[in-house]
Amino acid sequence: MAKKKKNKSGLPAINYAAQNRKARHDYAIEEKFEAGIVLSGSEVKGLRSGKGNIQDSYAAEAGGEIFLLNSYIPAYDKAGGFNHEPKRQRKLLLHKKQMNKLIGALKTKGITLIPLSIYFNAKGIAKVELAIAKGKTNYDKRQSEKKRDWDREKSRIMRDK
């Protein structure tokens, strides 16, 4: 059996299947959670191909549980008749305390649950990184961009001296 890849810190490398990079630009992230996701076999194979998309997806509460909506996991070619629907809603696995916290946060005006990434952990289990987020206005987006540019410039100046 092949050895697991490790990063510089000695921890096992995380294998990202899908990332939502635009989320950090469009939303102010308040808190992050790690959740399991219920997948069928062909969905796991589709995610491992690295072509999943969670750009426009979000999480919502239904019947006391949290579901991931509008996420795209491509169909696996070799699954044949046992394939899955690419845009179906998927149940997220959370502890009861976490679920109650997220449901309470969703009832607050302007708060949404967005997935930041879907990845496979060191054990090979698919996980979703969820965030409680609040939408940014254009003014906030410009301010964060100015701050990021200034921090970059400041580090260049300090490095040169």
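Reader: Where is glycine 52 placed?
Author: Glycine 52 sits in the loop between helix 2 and strand 3. The model is a predicted one.

Reader: Why is glycine 52 called buried?
Author: The relative accessible area of glycine 52 is 18%. Buried means under 20%. Therefore glycine 52 counts as buried.

Reader: Which residues does glycine 52 touch, leaving out those up to four places away in sequence?
Author: They are Ala17, Ala18, Tyr72 and Pro74. Alanine 133 is 81 residues from glycine 52 in sequence, and the two C-alpha atoms are 22 Å apart.

Reader: How do you know whether serine 57 is buried or exposed?
Author: Serine 57 has 4% relative accessibility. The cut-off for buried is under 20%, so serine 57 is buried. Its place is in the loop between helix 2 (41-48) and strand 3 (58-62).

Reader: What makes the pair of serine 57 and isoleucine 54 a polar contact?
Author: A polar atom of the serine 57 side chain lies 2.9 Å from the backbone oxygen of isoleucine 54. The limit is within 3.5 Å. Beyond four places in sequence, serine 57 is in contact with residues including Leu68, Asn70 and Pro115.

Reader: Which residues touch the most other members of the largest nonpolar core?
Author: Ile66, Leu92, Leu102 and Ile118 do, in a core of 26 residues. Strand 4 (65-69) and helix 3 (96-106) are among the elements giving two or more residues to this core. A second, separate core of five residues includes Ala23, Ile114, Leu116 and Ala133.

How values were computed. Residues numbered from 1 in each chain as written. Predicted model: local features only at pLDDT ≥ 70, side-chain atom pairs only at ≥ 80, totals over all residues. Heavy atoms only, no water. Core = buried A, V, L, I, M, F, W, Y, C linked by side-chain atoms within 4.5 Å. Buried < 20%, exposed > 50% of the residue type's maximum accessible area, 1.4 Å probe, protein only. Helix = DSSP H or I, 4+ residues; strand = E, 2+ residues; numbered from the N terminus. Polar contact = N/O pair within 3.5 Å; in protein donor to acceptor, adjacent residues only side chain to side chain. Contact = heavy atoms within 4.5 Å.
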